[in-house]
Amino acid sequence: MPDTLVDRFGRVHTSLRISVTDRCNIRCFYCMPLENVQFQPRAEILTFEEIQRLVRVGSDLGIRKLRLTGGEPLVRSDLPKLVKRLRDLPGIEEIALTTNGILLDKLALQLKEAGLDRLNISIDTLDEDVFERITRRRSLARVLEGIAAAQEARFQSIKLNAVAIRDLSEPEIVPLARFAKQQGLELRFIEFMPLDADRAWDSSQVLSGEEIVRIVSQEVGPLVPIPRDDPAQPATDFAYTDGSGKIGFINSVTQAFCSACNRMRLTAEGQFRNCLFSTEEWDARAILRGGGSDEDLRRLMLDCVDHKRSSHGIDSPDFQPPARAMYQIGG
């Protein structure tokens, strides 16, 4: 039995994305339906103790980096306590969190003090009307307050995430790039992926990273590509030639980065997934709540990784999106 999470293609898995809730305080159309959202009953969601146990077993298999996601992770009560539990585990080198920022003004400092290293804050526009069109809520001011609070708390890294959608995002590119540049933050554009709850995604809606590079270079400042800090990182990075910062592009549709993927996923109700687009899940909660051993959990994680495909297959003619939307899987 191997002692590392290596798949049949030789990819070693050292990163685990943990969804702590499927609930959210906005309704982005690329992630959730507007109405009649079916959330997991609270009793089905993993407890902090259960998450800590899974991470401890995973760390023995080489998991070193964690990212907490949702839904919106900050709607989970007492989240800083989970961060502290995970920070105290041996072997864990980095803990990050992806958030929409709406609750961050109240929690940024607590999260930093608990041991959170990195933050990714989702912001697709600086225009309140466009924000409402995307999120079905009017909360842009609170997101901006959350970004300011995160800066004040002085995290190791703060990145802004923007989903790029053709015929919607083009006017938002330049204002977002200028804002990030002025604030000394790294902006990352993410290609629109087929994970929307309404199943309305179409490849024609994908605004490619390559197109956005051209727009930013022409309107904000010339860009030059720079090497990846980590071969497994999802973003292709560019630097402004005047030295004023970086900008990244997650081209998950047009330039898949599957060959270097090192990530596993854990849903809020305890299902392991080896890919965002996986059609299979491995039930860790059944082991946790059925009296299973750490060795049972270890074997489950190894089996999950062993069944990973070579790529997500979005560009394949027989591609089928997962049955679950982004908020149910974990962003």
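R265 has a bridge partner in strand 11, and that partner is R273. The two strands involved are strand 10 (residues 263-266) and strand 11 (residues 271-273). They pair in the antiparallel sense over two bridges. This is a predicted model. The chain has 10 helices and 12 strands. Its radius of gyration is 19 Å, close to the 20 Å that the globule rule gives for 331 residues, so the chain is as compact as a globular protein of that length.

**The sheet**

- Strands of a sheet pair through backbone hydrogen bonds, and the pairing is either parallel or antiparallel.

**Strands 1 and 2**

- Strand 1 (residues 15-19) and strand 2 (residues 65-69) pair in the parallel sense.
- Five bridges link these two strands.
- Within this pair, R17 has R67 of strand 2 as its bridge partner.
- Strand 1 is mostly covered, with five of its five residues buried.
- Both faces of strand 1 are covered.
- On one side of strand 1 sit S15, R17 and S19, and on the other sit L16 and I18; all are buried.
- In strand 2, four of the five residues are buried, so strand 2 is largely enclosed by the rest of the structure.

**Backbone details in the loops**

- A cis peptide bond joins G70 and G71, with omega at about 25°.
- G71 lies in the loop between strand 2 and helix 2 (79-87).
- R154 has a phi near 60°, a positive value in a residue other than glycine.
- The loop that holds R154 runs between helix 5 (140-153) and strand 5 (157-164).
- Is R154 buried or exposed? Its relative accessibility is 68%, so R154 counts as exposed.
- D167 also has a positive phi, near 70°, and is a residue other than glycine.
- D167 is in the loop between strand 5 and helix 6 (170-183).
- The relative accessibility of D167 is 67%, so D167 counts as exposed.

- R289 belongs to helix 8 (residues 284-289).
- At 39% relative accessibility, R289 counts as partly exposed.
- Which residues does R289 touch, not counting residues up to four places away in sequence? They are A43, E44, I45, L46, T47 and E50.
- R289 and M326 are 37 residues apart in sequence.
- In space, the C-alpha atoms of R289 and M326 are 25 Å apart.

**S311 and a distance across the chain**

- S311 is in the loop between helix 9 (294-306) and helix 10 (326-329).
- With 33% relative accessibility, S311 counts as partly exposed.
- S311 and K106 are 205 residues apart along the chain.
- Their C-alpha atoms are separated by 39 Å.

**The chain as a whole**

- The C-alpha atoms fill a box of roughly 60 × 45 × 40 Å, taken along the principal axes.
- Of the 331 residues, 56% count as buried.
- The chain exposes about 14,300 Å².
- What share of the contacts with a separation of 6 or more comes from residues 24 or more positions apart? The share is 72%.
- The chain carries 44 positive and 49 negative charges.
- The mean positions of the positive and negative charges are 3 Å apart.

Conventions
Residues numbered from 1 in each chain as written. Predicted model: local features only at pLDDT ≥ 70, side-chain atom pairs only at ≥ 80, totals over all residues. Heavy atoms only, no water. Rg over C-alpha atoms; globule rule 2.2 N^0.38 Å. Buried < 20%, exposed > 50% of the residue type's maximum accessible area, 1.4 Å probe, protein only. Contact = heavy atoms within 4.5 Å. Areas by Shrake-Rupley, 256 points an atom, 1.4 Å probe, with all protein chains shown as cover. Lys, Arg positive; Asp, Glu negative; His and termini not counted. Charge placed at Lys NZ, Arg CZ, Asp CG, Glu CD. Pairing = 2+ DSSP bridges.
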